[in-house]
Amino acid sequence: MPLRMILVGPPGVGKGTQSSLLEARLGAKPLSSGMIFRAEIDAQTDLGELAKSYIDRGELVPNGVTIQMMLKRLRTSEVQQKGFILDGFPRTVRQAEALDEELRKAQIDLDIVVSLEVDDQVIVDRLSGRLGCTKCGAIYHRLNKPPKREGFCDNCNSPVIVREDDNPETIKERLRVFRENTAPVVDHYAAQGKLVRVESSRDPEVVYADIVAGIGS
Ligand code: AP5
Ligand code: MG
C-alpha cells in the first residue's frame with residue numbers, strides 16, 4: 001500500500017530532511033508547499049509573485065491559492081500510485097479541513113500525521129546554518145551536513161545558497177506564525193487519533209527510525 005502521511009512542525013525542524021529520507025527509502029512522493037512556491041517564484045509566475053510577497057515577510061500565503069495548488073498535485077496519477085509525504089501543508093485548520101474533505105471524497109485514509117518537535121534555540125541554529133540546492137532542493141547545513149565541495153550540491157553540482165527567508169527577523173516571524181496558525185493543526189489531527197509526536201533534536205537517522213516506528217504502530 002502506498003504511504004500517505006503528513007509531516008508538520010515549526011520552521012527548520014527537519015521536515016524537508018525527513019521527507020527526502022522517506023522518499024528515498026519508502027518511495028512516496030514528497031509534496032512541500034514551500035518548495036512548490038519557491039519553484040513558482042523562480043519561474044516568475046503570477047502565483048510566484050503573490051507567494052513571494054508573503055514568504056519574504058514570513059507570513060502565510062492565503063489559504064485559497066495554497067489549497068488549490070496542493071489539491072491539484074494530490075490528484076496526479078503519480079501521487080495516487082506512489083502515495084505522498086505532505087511537508088508544510090496543511091498549515092492552518094482551514095487547510096486541514098479542505099484536505100480532509102478531499103481525502104474523504106477520494107476515499108483515501110491518512111496513515112499517519114507526524115509532529116516533529118524541537119526547542120526554538122535548536123531551530124535558530126539549524127536555520128542560520130542551512131544551505132539549499134538551487135536546482136534539486138537538497139538540504140545541507142554549514143556545520144552538521146556540509147556539501148562535499150564547498151558551495152555546490154553533492155547530487156547535481158548546482159550552487160547551494162542561503163534561503164532569503166532564513167534571516168533572524170523572518171525566522172522570528174515564521175515561529176510566531178507557526179504557533180498561532182499551525183499548532184492548532186497538530187491538535188486537529190490528535191483529535192482524529194492520527195498523530196504521532198517525534199522529538200527531533202536528535203540525529204536525523206534516529207528521528208527517521210522513530211517516524212518509521214510510528215508508521216508501523
Ligand atoms: P517552508 O519551505 O515549508 O518552510 P518552513 O516550514 O519554515 O520549514 P523549513 O523548510 O524552513 O524547514 P524544514 O522543517 O523543512 O527543515 P530542514 O529539513 O530544511 O515554507 C516557507 C514559506 O512558504 C512559509 O513561511 C510560508 O510563507 C509559505 N508557505 C509554505 N507552505 C504554506 C502553506 N501550507 N500555507 C501558507 N503558506 C505556506 O532542516 C533545516 C536545517 O536543519 C538544515 O540545514 C538541515 O540540514 C538541518 N537538520 C535537519 N534535521 C536535523 C537533525 N535531526 N539534526 C541536525 N540538523 C538537522
Ligand atoms: Mg522545508
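1. Cys133 stands opposite Val160 in β7, and this position belongs to an antiparallel pairing in which two bridges join strand β5 (residues 130–133) to β7. The model is predicted, so that local features are taken only at pLDDT of at least 70 and side-chain atom pairs only at pLDDT 80 or more, whereas totals for chains, interfaces and linings use all residues. Residues are numbered from 1 along each chain as its sequence is written, chains are lettered from A and ligands numbered from 1 in the order in which they are written, and side-chain values use heavy atoms, with hydrogens and water left out.

2. The pairing of β5 with β7 is part of an open, antiparallel sheet of three strands, ordered β6-β5-β7. Its edges are formed by β6 (139–141) and β7 (160–161), each of which pairs on one side only. Strands (E, at least two residues) and helices (H or I, at least four) are DSSP runs numbered from the N terminus, and two strands are taken to pair if DSSP finds at least two bridges between them.

3. A second open sheet has five strands in the order β2-β3-β1-β4-β8, and its pairing is parallel. Here the edge strands are β2 (29–32) and β8 (195–199), each pairing on one side only. From one strand to the next the twist averages 20°, with axes fitted as lines to C-alpha atoms (for helices over the stretch in contact) and angles running from 0 to 180 degrees between N-to-C directions.

4. Strand β1 (residues 3–8) is joined to strand β3 (residues 83–87) by five bridges, the two running parallel, and Met5 has Ile85 as its bridge partner in β3. With β4, strand β1 pairs in the parallel sense over four bridges, and the bridge partner of Val8 in β4 is Ser115.

5. Strand β4 also pairs with β8, again in the parallel sense and over five bridges, and in this pairing Leu116 stands opposite Val198 of β8. Because five of its six residues are buried, β4 is largely enclosed by the rest of the structure; buried means under 20% relative accessible area, exposed over 50%, and partly exposed in between (1.4 Å probe, protein chains only).

6. The cysteines deserve a separate comment, as the structure holds zero disulfides (a disulfide being a pair of cysteine sulfur atoms within 2.5 Å). Cys136 is in no disulfide, and the nearest cysteine sulfur, that of Cys153, is 3.7 Å away, which is too far for a bond. The two residues can also be described by accessibility: Cys136 counts as partly exposed at 34% relative accessibility, whereas Cys153 is buried, with a relative accessible area of 2%.

7. A search of the whole structure finds one cavity of 30 Å³ or more, and the largest cavity has a volume of about 40 Å³. On a 1 Å grid over the protein atoms alone, a cavity is a set of points where a 1.4 Å probe fits but cannot get out, a pocket is an open set with protein on both sides within 12 Å along at least five of seven lines, and lining residues have an atom within 4 Å of a point. Grid points are joined across faces, edges and corners, and the volume is the space filled by probe spheres set on them.

8. The lining of the largest cavity includes Ile6, Leu7 and Val8, together with Lys15, Phe89, Arg91 and Thr182, and its largest share, three residues, comes from β1. By class, the lining residues divide into five nonpolar, three polar and two charged, where Ala, Val, Leu, Ile, Met, Phe, Trp, Tyr, Cys and Pro count as nonpolar, Asp, Glu, Lys and Arg as charged, and the others, Gly among them, as polar.

9. The second largest pocket holds about 160 Å³ of space. Of its 13 lining residues, Pro10, Val118, Asp120, Phe178 and Arg179 are the closest to its centre. Two or more residues of the lining are given by each of β4 (112–117), α7 (120–128) and α8 (168–191), with the largest share, five residues, coming from α8. This lining divides into eight nonpolar, two polar and three charged residues.

10. As a last point, Lys105 is found in helix α6 (residues 93–105) and is exposed, with a relative accessible area of 60%. The C-alpha atoms of Lys105 and Gly214, which are 109 residues apart along the chain, are separated by 26 Å.
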